[in-house]
Amino acid sequence: MEARLEQAWGNGKGNSGGNGKSGGGGGGPQCFLRGTSILTDCGEKHVEALRVGDRVVLVGGKTSPIKWVGRQAFKQAGARWHQGVVPIRVSRQALDAGTPHSDLYLSPGHALFLNGVLIRVKDLVNGTTIAPIAPDDDMTIEYYAVLLATHEAIFAEGAAAETFHPSEDNWENFSNFAEYKRLFPGEERVLMTSYAPVLGEEGGWQHVKALLLLPLMASADPFEEVCKKISDQALELSN
């Protein structure tokens with residue numbers, strides 16, 4: 001196992017959190033694995049080192065202060081890891097020749113911003129350059145969610161990825177949710193408008209394969225275009 005992942009996952013000691021089940025709505029947590037580099041106005045910082053008030057760089061070049069950083073930890077429950085929490089690795093240069101600049105590990109429900117739309121990374125899995133990477137049985141998966149005042153896309157390992165998108169049922173799964181309540185006492189939970197349309201929620205690559213069977217398929221489907229680009233990039237990297 002890579003040294004970076006051993007540091008990110010740890011040996012399960014001193015970590016609070018879940019039991020291996022998926023936390024939050026929308027198919028699981030929307031988080032970055034511990035050790036992920038996030039671009040700020042002071043350069044890249046590991047997500048676990050980010051603090052309230054730090055300014056992250058948004059797609060488009062502006063910056064925005066961090067409102068809160070949520071933490072979740074998961075341990076294996078049963079014979080195998082729950083697929084809803086196993087990190088998905090977007091390998092270095094899986095998206096294009098320079099993106100991401102290092103391997104990027106996301107929770108399955110986390111979305112990348114590609115071709116003007118948000119696509120959950122679990123729907124981009126191709127088994128090669130984008131694939132689930134399960135830790136050893138005795139390890140702990142540590143995830144961090146970056147909350148801004150609005151739903152945005154920021155840079156993680158150089159790739160555009162969404163910030164935390166609150167919903168009715170994905171708040172209280174964080175081990176430090178009490179911290180949020182202390183920071184914002186009495187604040188009502190406001191559901192944010194999505195930064196961009198979310199595609200690929202149903203079917204993933206199966207959807208793309210079905211589209212490719214259509215003889216007169218127009219190339220206007222952004223999901224198909226993204227997946228074809230990733231597939232072509234994977235082929236190029238294998239040569």
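Predicted model: local features only at pLDDT ≥ 70, side-chain atom pairs only at ≥ 80, totals over all residues.
**A buried histidine and its neighbours**

Let's begin with His 151, which you will find in the loop between β12 (140-147) and β13 (153-156). Is His 151 buried or exposed? With a relative accessible area of 4%, His 151 is buried, because the cut-off for that word is under 20%. Its side chain makes a polar contact of 2.8 Å with the side chain of Glu 162. A polar atom of the His 151 side chain also lies 2.9 Å from the backbone nitrogen of Tyr 195. If we set aside neighbours within four places in sequence, the residues in contact with His 151 include Leu 118, Thr 163, Phe 164, His 165 and Met 192. Glu 162 and Tyr 195 belong to that list of contacts too.

**A serine that reaches a backbone**

Ser 107 is another loop residue, placed between β8 (104-106) and β9 (111-114). Ser 107 is buried, with a relative accessible area of 0%. What does the side chain of Ser 107 reach? It is the backbone nitrogen of Cys 31, at 2.8 Å. Cys 31 also counts as buried, at 0% relative accessibility. Cys 42, on the other hand, is exposed, with a relative accessible area of 63%. As for disulfides in this model, the count comes to zero.

**Rings that pair up**

How many aromatic pairs does a search of the whole structure find? The search finds seven. In one of these, the rings of Phe 74 and Tyr 143 have their centres 6.2 Å apart and their planes at 65°, so the pair is edge-to-face. Phe 74 sits in strand β6 (residues 68-75) and Tyr 143 in strand β12, so this pair ties together parts that are 69 residues apart in sequence. Both Phe 74 and Tyr 143 are buried.

Another pair is made by Phe 177 and Tyr 180, whose ring centres are 6.2 Å apart with planes at 10°, so this pair is stacked. These two are three residues apart in helix α2 (residues 177-183), and about one helical turn separates them. Phe 177 is buried at 8% relative accessible area, and Tyr 180 is buried at 5%.

Phe 177 and Tyr 180 also belong to a cluster, in which ring pairs link them with Trp 68, Phe 164, Phe 174 and Phe 184. Lys 67 lies over the face of Phe 184, at 4.9 Å from the ring centre.

**An arginine in a strand, and a helix**

Arg 71 is found in strand β6. At 36% relative accessibility, Arg 71 counts as partly exposed. Which residues does Arg 71 touch, not counting those up to four places away in sequence? They are Tyr 143, Tyr 144, Phe 174, Ser 175 and Asn 176. Arg 71 and Glu 48 are 23 residues apart in sequence, and their C-alpha atoms are 8.6 Å apart in space.

Helix α4 (residues 222-238) has 17 residues. From its first C-alpha to its last, α4 reaches 24 Å, close to the 24 Å expected at 1.5 Å a residue. Among the buried residues of α4 are Phe 223, Val 226, Cys 227, Ile 230 and Ala 234.

**Backbone angles to look for**

Most residues other than glycine have a negative phi, and most peptide bonds are trans. Where does this model have a cis peptide bond? The bond runs from Thr 99 to Pro 100, with omega near -10°. Pro 100 lies in the loop between β7 (88-90) and β8.

Asn 115 and Glu 157 each have a positive phi, although neither is glycine.

Terms used. Residues numbered from 1 in each chain as written. Heavy atoms only, no water. Helix = DSSP H or I, 4+ residues; strand = E, 2+ residues; numbered from the N terminus. Buried < 20%, exposed > 50% of the residue type's maximum accessible area, 1.4 Å probe, protein only. Polar contact = N/O pair within 3.5 Å; in protein donor to acceptor, adjacent residues only side chain to side chain. Contact = heavy atoms within 4.5 Å. Expected span 1.5 Å × (residues − 1). Phe/Tyr/Trp six-rings, centres within 6.5 Å; stacked < 30°, edge-to-face > 60°. Lys NZ or Arg CZ within 6 Å of the ring centre and 35° of its normal. Disulfide = S-S within 2.5 Å.
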